[in-house]
There are 4 protein chains.
Amino acid sequence: MTSYDTAVIGGGVIGSSIAYHLAKCGQKVILLEKGRLAEGASSAAAGMLGAQAEEPQSEAFFNLACKSREMFRAIAGELKECSGIDIGLVSKGTLKVAMTEEQAVHHKRLASIHRQHGEQAEWLDVAAARAMEPNLSARICGGLYIEKDGHVQAPELSLAFAKAAAVLGTVVREHTAATHILRENGVVAGVETEEGLIRCDHAVVATGASGSEVAALTGIHVPVYPVKGECFSVTTNAPLLTRTVFADGCYLVPKAAGRIVVGATTIEGSFDRSVSLAGIAGLLAQAQSLVPAIADAQWEKAWAGLRPQTRDGLPYIGEVPDCKKLYVAAGHYRNGVLLSPITGEAIAALILGRTPRVSIEAFRLDRETCSRANADKEGDVM
Amino acid sequence: MTSYDTAVIGGGVIGSSIAYHLAKCGQKVILLEKGRLAEGASSAAAGMLGAQAEEPQSEAFFNLACKSREMFRAIAGELKECSGIDIGLVSKGTLKVAMTEEQAVHHKRLASIHRQHGEQAEWLDVAAARAMEPNLSARICGGLYIEKDGHVQAPELSLAFAKAAAVLGTVVREHTAATHILRENGVVAGVETEEGLIRCDHAVVATGASGSEVAALTGIHVPVYPVKGECFSVTTNAPLLTRTVFADGCYLVPKAAGRIVVGATTIEGSFDRSVSLAGIAGLLAQAQSLVPAIADAQWEKAWAGLRPQTRDGLPYIGEVPDCKKLYVAAGHYRNGVLLSPITGEAIAALILGRTPRVSIEAFRLDRETCSRANADKEGDVM
Amino acid sequence: MTSYDTAVIGGGVIGSSIAYHLAKCGQKVILLEKGRLAEGASSAAAGMLGAQAEEPQSEAFFNLACKSREMFRAIAGELKECSGIDIGLVSKGTLKVAMTEEQAVHHKRLASIHRQHGEQAEWLDVAAARAMEPNLSARICGGLYIEKDGHVQAPELSLAFAKAAAVLGTVVREHTAATHILRENGVVAGVETEEGLIRCDHAVVATGASGSEVAALTGIHVPVYPVKGECFSVTTNAPLLTRTVFADGCYLVPKAAGRIVVGATTIEGSFDRSVSLAGIAGLLAQAQSLVPAIADAQWEKAWAGLRPQTRDGLPYIGEVPDCKKLYVAAGHYRNGVLLSPITGEAIAALILGRTPRVSIEAFRLDRETCSRANADKEGDVM
Amino acid sequence: MTSYDTAVIGGGVIGSSIAYHLAKCGQKVILLEKGRLAEGASSAAAGMLGAQAEEPQSEAFFNLACKSREMFRAIAGELKECSGIDIGLVSKGTLKVAMTEEQAVHHKRLASIHRQHGEQAEWLDVAAARAMEPNLSARICGGLYIEKDGHVQAPELSLAFAKAAAVLGTVVREHTAATHILRENGVVAGVETEEGLIRCDHAVVATGASGSEVAALTGIHVPVYPVKGECFSVTTNAPLLTRTVFADGCYLVPKAAGRIVVGATTIEGSFDRSVSLAGIAGLLAQAQSLVPAIADAQWEKAWAGLRPQTRDGLPYIGEVPDCKKLYVAAGHYRNGVLLSPITGEAIAALILGRTPRVSIEAFRLDRETCSRANADKEGDVM
């Protein structure tokens, strides 16, 4: 019977990145996905690398996000070489647009904090913003230009991690649900699946938006729950935008070939992945108010995904308290794509007994889940 | 070399119906389609049988439409038997809703005219209309209930005609463009295609929204031009509507399995079949104002088709003036599905030397194309 | 908090039929599906109603199958009326072809047994078989003509049950996984889902090919396991076949519009739903040897599904031994479509305290799972 | 009314490359496509850059092909930069496999000719070939290793040319059929479309596999006709092949993510784009005999395209003899993807009055179409 160094449960962007990083270090890995690779949130994402554009949850989170963003250039090259897949990395920056004067004040304050942390962020008044993106509405109140927040193709990234892992020897099994994690003397010994037991020395649970799925496998309660995001895409022959336009409640991400992804609603607590008419209508109105010329663009399609949110807004990355060699990587919310390289690398480091390049202490599983309240006290921004 | 009684050029709902009606009468037929069967307007249509709901163009047209509507029950049975395809005939009526008092006056007058022509049409005030369709907005001003205006599945109807014709011996050739009609002594002798000459005694041009295509084949100028219609569809588990809701600028057609087709914009003069964001946004707003609960429905998809409009709003059905045994059936605008049975039967009658059951004199090819002006003088309704 | 008479877990053809039959009797039902309705085996099936064509497992099974087959005419009408969906019922019979003399002997013996049980079955020599289906190969050794074994559209049937149930008031929830069945004093009290507890008086588990899923919900071990079946479809303009052609290892089911579904491989023990090249190659060879003219047909697509097999080849239909008002309907293998009406009716009868019209004693959950060994002693056929 | 420097008719890989090369040189260009961009042969192609793998038609052709192949590295970079689209260039070489000793002799002779022309080509015996590609069958007789024959993603390449042209100012119009080329005093003056006249100084006809379409627009007879090619694709988790495997009648092209494209049949003289069962069966058998392990790969899909063949096997690239500033680029057969850069550049050079970097004299429109006979006399290889 084959035995593996590590079994990774979950073939989304996080699980696939973990498998890839382990395989790169020479581990014998099996990647188990209950459905198809990257069929959940990982494929629904717009792929933004919004380390600065997204509202930060805490300083630890901000550092993690910026470090992970830095990894993408190298990751893009490696994955292309190994899997043949181009992850569509675009590094043309993001305009975090203010629609009101209040938002403008907020954004300027954010810029100053980013600069204190050594990151570029430049406030542009409406004329400067529209000089950069001429199709922006004249009714905006300016925007924060964030040079380093690019984007990738989320489905390609996820698949590339898994396929590259396969090239490096990882066994990839789709349609294989893990039902139980076998422990012997408080240490992982294997993963039960419907097709039988898989022996392994380490196991990682990276299963997505269902807290009860994590609980069923690990025995610990991790407060992960789904927040549905609805999106749509349009195309134009000549591109309308060069940079990502990011506003409160709506973003527009300019992809290859004149395609723009417009997202996203945030609907809590349902596993339903359908797209509602109301969701589309709301996004349509916001997109038109940000970029009026989008009215003439061609409709492509609409879809939805379930982001795995946590109660304190921070992901869980670490070992399960009462079971050695069992790890969880979950709850990355809107930042799964952005955080996939650093999460993959960090879990690999834990498994290999190395020190992660950035501290993941803040994301440990036994933290108080009310940690956000504390973070909030430090200020509304970070 | 095989010779055919008739070559039908165009595998949309009109050409396919003609082929079917000829095959039923024992003719040896070849049906030529330059692309795929039913890939144009015939598949994009919502499939309404709006003989009374659509604004009438003339008395002759109204009679033609009502007669064709009557044929559907029998046609549905025949096509199911012969091709196995269910055309999805639903005969639950249409509510032609008035959104303003002015429209209410117009609709009541229409009802009275319909009744004068022997057709049922009943005005319902807002309470009665909402008793019939509880999800209708309370802000409507009533509606005209038209019992006989049902609907079918447009793609299935077109395909069923073609496949039933095939079962009856018709040769169906997709990806075969007719390039020229061969005449000998002023009579049709064959159809040139890129794969060679097809000998035939009669030819019918039923090619859709391009007047220049008709002209290139027949040598006569028929003022047919495209009017794009954009649509989308949604689904719900329990149906929102029982009857078609038809208003100025927007209709909602309740299909099987809780699906609703919402249409349609009218954009003149372009062959572009893309769906614009603005088109979707407009339909969304109208649909929500008619049936507010549709906001919670699930988005399915959007599409567009090109309706073949004519200058006087009437189709062309008849023989080409200077070429014997060459026929045209074109320009059915929003009524191609509705008029397909009667058009197929009438062209078959002409070819077989029989008298069509309803006069098609008003639709002859050598009419003055300004005939609509005359019709208009008779009144704004009919 | 809403409480339901019955919660049905599993939105495939079996669960949907149960929901429909309960709703028809006035029950307040909720139908829970972890993914999308009919996304598993129910949509992959070719839809044969092979009560006689399939090798019988036992007399009880044969009776169940024949009774269920009889129900389809009425079911087709009801579902069309209620949901608008045509289930594509075709009642043109099946030819169970013998490719060897040995098979011919077997088939003739089968015919005699069928007739003893009051069912029609007629042996045709090769000339008679080919008179019936001229495109059959001359190399067959004759066939058994079974008049009553028709077929339906499997995906439409499943969806029609669910949508008709919805019209009758059933709440249908997709993307909702049941995680636990709540018992109070040995009686069902509710169903836990990731979105919370659903109170109900009865619960039915109809979840498909995973025995461990049944076990996790019911606490009892039911030996259900997947047997993958790969299929493909082709189309022709004029139909190649009128009746289903059913041979050892390959069947061809003639659908509407000249479409033929060719199936199916049988691959045990994997949940993998991918289609292998080897599977396609094998089916292609068999289909061409049965109906040589299929070589010129147009390729449409290939797919696979997981049939829920049981150790003794019989489904499980009944109450869970140690929990009142908890039922299982599982393990219908290749006969889920065929048995869906009688299974839905029987479970509804159990729940409503009525006697099922046909005995389901042989399918009870506490039978010896080695019952097939006994059946086998009675003879190799039944 | 807008006037253009050049109107390019045909939005396949050739027309799009021409538009791109003209736009790069500052021309004001309009690209007219009657359907959707790249919907014909350009998207169906496997994307091989088989300058040496394909049997050469003549020395001029061989030089053209090798020069075009060299352009891909730069083109890939430019198109990615300009359109955001990755064309999937893979430069890992091709193994032109011999299945018989006779083929081995032929291939060795080819290698020697290639080397005489300054191109690498190395004969490998069966052991060496299998050392390079371990999944090759042991029953091959060796192969020619051609280092420089890589491949690209054909649909992406075509789209990238068009979208990059759009970014550079080209107006791209889909669903716009050119019906006539307007000449004034023997010089191009415009292009008639169904939506009106487009004024332009130059026009290029790059319309694909229909000779009569070229004739209708240019007035000259160009012997271009369709040769259908059927293909299918499979996927594996770990790649089966690194290099393209090219044999007589079948090739396997390893794409990103473990995908393999298997092609292609050659069916002359039909515009029918359907895939036949017989075509799939033949390719399946050949692919399995070349790479037995492909039997376990996952089926993805099948498709077909129409290659534009000419009577002498050479493309037409040049000015129309009797009309100044009217150009044709047609008949690239299996080499449209490979020849698209050089053809685009050469036509751009002609239009701009420059000398193409490689002579296109052999491809002029007024050549004797029996030129191939002459070429043949020079030897069976080149």
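In the predicted model examined here, chain D and chain B together bury about 990 Å², of which 48% lies on carbon and sulfur atoms, buried area being the accessible area (1.4 Å probe) that two parts lose on being put together, summed over both. Of the area that chain D buries against chain B, 57% is supplied by H175(D), E194(D) and F271(D), more than by any other three residues. The contact, defined by heavy atoms within 4.5 Å, takes 12 residues from chain D and 12 residues from chain B.

Residues are numbered from 1 along each chain as its sequence is written, with chains lettered from A and ligands numbered from 1 in the order in which they are written. Local features need pLDDT of at least 70 and side-chain atom pairs count only at pLDDT 80 or more, whereas totals for chains, interfaces and linings use all residues, and side-chain values use heavy atoms, with hydrogens and water left out.

Between chain D and chain B there are zero salt bridges, a salt bridge being a side-chain nitrogen of Lys or Arg within 4 Å of a carboxyl oxygen of Asp or Glu, but six residue pairs are in polar contact, both residues being at pLDDT 80 or more. The side of chain D that touches chain B comprises one nonpolar, six polar and five charged residues.

When superposed by least squares on the C-alpha atoms of residues with pLDDT of at least 70 in both, chain D can be laid on chain B with an RMSD of 0.0 Å by a turn of 180° and a shift of 0.0 Å along the axis. The two copies are therefore related as by a two-fold rotation axis, and the same surface serves both, since 100% of the contact residues of chain D recur in chain B.

Within chain A, an automatic or database domain assignment gives domain 1 (4-85 + 153-223 + 312-363), domain 2 (94-147) and domain 3 (225-310). The centres of domain 2 and domain 3 of chain A, taken over C-alpha atoms, are separated by 20 Å, and the contact takes 12 residues from domain 2 and 14 residues from domain 3. These two domains of chain A bury about 1200 Å² between them, 54% of it on carbon and sulfur atoms, and T94(A), E133(A) and N135(A) supply 43% of the area that domain 2 buries against domain 3, more than any other three residues. One salt bridge is counted between domain 2 and domain 3 of chain A, and the side chains of R243(A) and E133(A) meet in a salt bridge at 2.7 Å, N to O.

Technical notes: Polar contact = N/O pair within 3.5 Å; in protein donor to acceptor, adjacent residues only side chain to side chain. Nonpolar A, V, L, I, M, F, W, Y, C, P; charged D, E, K, R; others polar.
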